[in-house]
Amino acid sequence: MKALLLVDIQNGFCPGGNLPVPDGDEVVAVVNRLIEEGGYDVIVASQDWHPANHGSFASQHPGRRPFEMGKLCGQPQMLWPDHCVQGTPDAEFHADLNTGEIDYIQQKGENPAIDSYSAFRDNDKAAVTALAGYLRAQGIKELDVCGLATDYCVKFSALDAVDMLPGVQICFIEDASRGIEPEGVRAAIDEMRAKGVGVVRSEQIFKD
Ligand code: VGL
Ligand code: ZN
């Protein structure tokens, strides 16, 4: 059993969104082809889903601006522009994403007191989402991860998958992902590789 995890392919992370990832919308065509022709048994997606007062928003820290480091729950926290607020167009999946084939959607980032980059658990690793349990119940042996943003939510999701889905082979699909900063993307790929995540391109998946 082979599963595909689509991380945060939402308007907020695409050009025109509140926290745009450069060329973020370019993943949509590749991802739609993976959905159709990638041979996956299970397709899941995460959705960044913040309340309007989320503590990762610079707007909640008087005098602070987006992309400055601040603190949340006593830990260093990148302060973001308000993004992916529940029920707003910014939080919707990209309109061209083939959502009809998605078997399970994992919303995350709902607790205003902590950020949740990973689709599997909050940044402090205390509260877990239902995603790992869902995937375990499906009996998956392989999980491919892609989406937005490589240097944040994609990376943390792939790293948590290694810890939380023992025995499952985890791969990151490079050309079906985009990151916020080129240097962050390089570091994220190194970090994923070091933890045993395979780094592949979509062409390799279509070939198998
Ligand atoms: C993300 C920053 C804040 C992401 C989510 O999806 O990578 N990044 N919230
Ligand atoms: Zn967020």
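Over the face of which residue does Arg33 lie? In this predicted model, Arg33 lies over the face of Phe206, at 3.8 Å from the ring centre, and Lys2 is placed over the face of Tyr40, at 4.7 Å from the ring centre.

| Ring pair | Distance of centres | Angle of planes | Class |
|---|---|---|---|
| Phe67 and Trp80 | 5.9 Å | 90 degrees | edge-to-face |
| Trp80 and Tyr117 | 6.4 Å | 85 degrees | edge-to-face |

Phe67 belongs to the loop between β2 (42–48) and β3 (69–72), whereas Trp80 belongs to the loop between β4 (75–78) and β5 (104–108), so their pair ties together parts that are 13 residues apart in sequence. Tyr117, in the loop between β5 and α2 (131–137), is 37 residues from Trp80, and their pair links distant parts of the chain. Phe67 is partly exposed at 47% relative accessibility, while Trp80 and Tyr117 are both buried. Together with Tyr152 and Phe156, these three residues form one aromatic cluster.

The largest nonpolar core holds 64 residues, of which Leu6, Phe120, Leu135 and Leu143 touch the most other members; helix α3 (residues 150–164) gives the most to this core, with 7 residues. Leaving aside residues up to four places away in sequence, Phe120 touches, among others, Leu135, Leu143, Asp160 and Met164.

Asp48 is buried, at 3% relative accessible area, as is His50, at 0%.

Definitions and conventions
Residues are numbered from 1 along each chain as its sequence is written. Chains are lettered from A and ligands numbered from 1 in the order in which they are written. This is a predicted model: local features need pLDDT of at least 70, side-chain atom pairs count only at pLDDT 80 or more; totals for chains, interfaces and linings use all residues. Side-chain values use heavy atoms; hydrogens and water are left out. A nonpolar core is a set of buried Ala, Val, Leu, Ile, Met, Phe, Trp, Tyr and Cys residues joined through side-chain atoms within 4.5 Å. Buried means under 20% relative accessible area, exposed over 50%, partly exposed in between (1.4 Å probe, protein chains only). Helices (H or I, at least four residues) and strands (E, at least two) are DSSP runs, numbered from the N terminus. Contact means heavy atoms within 4.5 Å. Rings of Phe, Tyr and Trp (its six-membered ring) pair if their centres lie within 6.5 Å; planes under 30 degrees apart count as stacked, over 60 as edge-to-face and the rest as tilted. A charge sits over a ring if NZ of Lys or CZ of Arg is within 6 Å of the ring centre and within 35 degrees of the ring normal.
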